[in-house]
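User: I am new to this structure. Please take me through it in questions and answers.

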Amino acid sequence: AVRLRKILRPFILRRMKQEVAKELPPRIEKTLYTEMWPEERRLYDAIHAATKKEVLTKLEAGGSVFEALEALLRMRQACCHPSLIPSQSAAHSSKLTLLVETLEVALAEDHKALVFSQWTGLLDLLEPVLSAANINYLRLDGSTVNRQDIVDRFQDEQGPPVLIMSIKAGGVGLNLTRADHVFILDPWWNPA
């Protein structure tokens, strides 16, 4: 890891909080848990049952690991929202219900929040849920053309209290110091 950092140092500038903002308190991480609703659990179990034996058989026969990754992807999507699975639909999900409940508490105490997802499809499903809860928000993803305008509106004290964004589009190069809550709906499976 040390050798890799030396090689990458000329190309990547990484500043740690303790180097540039010593006055900030330490970060507090909290994992929120929710129980899948029965229909979500049935979908998850069905995907697991349908793919487990097939994937194991193919892997034992020298098949590609990509089939196993595809099965894992579908199960991860089912954990977020049933509608992320092709040919499935649902109005809501247990995960988004917990998010909205948690956001409502934070916003009632005048906090601002960032909400990340790796799937823009989940952001699409989140938007009507936030609107139904009367939560004002902005969105930033790979298709956003006015990134700085979105950032400026969020950074404004009177701006919307929630910014939803894709991990890929919002994970780097943005100054979003107004937020004091960050929700990661589905972390990437990589070191970042």
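**Helices, salt bridges and a buried serine**

Being 4 residues apart in helix α3, Arg41 and Asp45 are separated by about one helical turn. This is a predicted model, in which local features need pLDDT of at least 70, side-chain atom pairs count only at pLDDT 80 or more, and totals for chains, interfaces and linings use all residues. Residues are numbered from 1 along each chain as its sequence is written, and side-chain values use heavy atoms, with hydrogens and water left out.

User: How far apart are the closest N and O atoms of Arg41 and Asp45?

Analyst: Arg41 and Asp45 form a salt bridge, that is, a side-chain nitrogen of Lys or Arg within 4 Å of a carboxyl oxygen of Asp or Glu. Arg41 counts as partly exposed because its relative accessibility is 36%, and Asp45 does so at 37%; buried means under 20% relative accessible area, exposed over 50%, and partly exposed in between (1.4 Å probe, protein chains only). The closest N and O atoms of the pair are apart by 3.4 Å.

User: In what order do the elements of the protein run from the N terminus on?

Analyst: The protein has 8 helices and 4 strands. Helices (H or I, at least four residues) and strands (E, at least two) are DSSP runs, numbered from the N terminus. From that end on, the order is α-α-α-α-α-β-α-β-α-β-α-β.

User: Are α3 and α4 roughly parallel or antiparallel to each other?

Analyst: The axes of α3 (residues 38-60) and α4 (residues 66-80) come within 9 Å and cross at roughly 170°. Axes are lines fitted to C-alpha atoms, for helices over the stretch in contact, and angles run from 0 to 180 degrees between N-to-C directions. Angles under 35 degrees count as roughly parallel, over 145 as roughly antiparallel, 65 to 115 as roughly perpendicular and the rest as oblique. The two helices, α3 and α4, are therefore roughly antiparallel.

User: How do the residues of the contact of α3 with α4 divide into nonpolar, polar and charged?

Analyst: Contact means heavy atoms within 4.5 Å, and the residues making it include Leu43, Ile47 and Lys58 of α3 and Glu67, Ala71 and Arg74 of α4. Ala, Val, Leu, Ile, Met, Phe, Trp, Tyr, Cys and Pro count as nonpolar, Asp, Glu, Lys and Arg as charged, and the others, Gly among them, as polar. The division is 10 nonpolar, 2 polar and 3 charged.

User: Which residues are joined with Asp124 into one network of salt bridges?

Analyst: Arg139 forms a salt bridge with Asp124, with 2.6 Å between the closest N and O atoms. This pair links distant parts of the chain, as Arg139 is in strand β2 (residues 137-140) and Asp124 in helix α6, 15 residues apart. Arg139 is buried, with a relative accessible area of 17%, while Asp124 counts as partly exposed at 42%. Through shared partners, Asp124 is joined into one network with Glu127, Arg139 and Asp141.

User: What covers the buried residues of α5?

Analyst: The buried residues of α5 (residues 94-108) include Leu96, Leu99, Val100 and Leu103. Their cover includes α3, β1 (113-117), α6 (120-132), β3 (162-166) and β4 (181-184).

User: Does Ser117 count as buried or exposed?

Analyst: Ser117 lies in strand β1. Leaving aside residues up to four places away in sequence, Ser117 touches Leu122, Leu123, Met165, Ser166, Ile167, Leu185 and Asp186. Because its relative accessibility is 0%, Ser117 counts as buried.

How values were computed. Expected span 1.5 Å × (residues − 1).
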